[in-house]
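User: Can you walk me through the strands in this model? I have the sequence and the coordinates open.
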Amino acid sequence: MADDELLTVPEVMARLKVSRSTVYDLIRTRRLASITIGRSRRIPAHALTAYIHHHLEEAS
């Protein structure tokens with residue numbers, strides 16, 4: 001996954017194995033950064049990586 005790659009909500013859902021509403025909740029609460037292009041929401045790959053690393057650090 002390239003750092004400058006933009007992921008769709010379904011791609012993030014698949015990678016985190018969570019529901020669509022969970023992804024939108026993470027975006028709404030600013031725990032997962034995103035941008036809007038037209039009417040589509042995109043999540044930068046580096047934001048997803050940072051979110052995962054943050055939760056791994058919290059767990060340990």
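Analyst: Strands E1 (residues 6–8) and E3 (residues 40–44) run antiparallel, joined by three bridges. Strands are DSSP runs of E with at least two residues, and helices are runs of H or I with at least four, numbered from the N terminus. Two strands pair if DSSP finds at least two bridges between them. This is a predicted model: local features need pLDDT of at least 70, side-chain atom pairs count only at pLDDT 80 or more, and totals for chains, interfaces and linings use all residues. Residues are numbered from 1 along each chain as its sequence is written, and side-chain values use heavy atoms, leaving out hydrogens and water.

User: Which residue in E3 is the bridge partner of Leu7?
Analyst: Ile43. For Leu6, the bridge partner in E3 is Pro44.

User: And which strand do three bridges join to E3, besides that one?
Analyst: E2 (residues 35–37), also antiparallel. Ile35 there stands opposite Arg42. The E2–E3 hairpin has two residues between the strands, and Gly38 takes a positive phi near 65 degrees.

User: What order do the strands have in the sheet?
Analyst: E1-E3-E2, in an open sheet of three strands with antiparallel pairing. E1 and E2 are at the edges with a single partner strand each, so one side of each has no neighbour in the sheet.

User: Changing topic: is Ile37 buried, partly exposed or exposed?
Analyst: Partly exposed, because its relative accessibility is 46%; buried means under 20%, exposed over 50%, and partly exposed in between (1.4 Å probe, protein chains only). Ile37 lies in strand E2.
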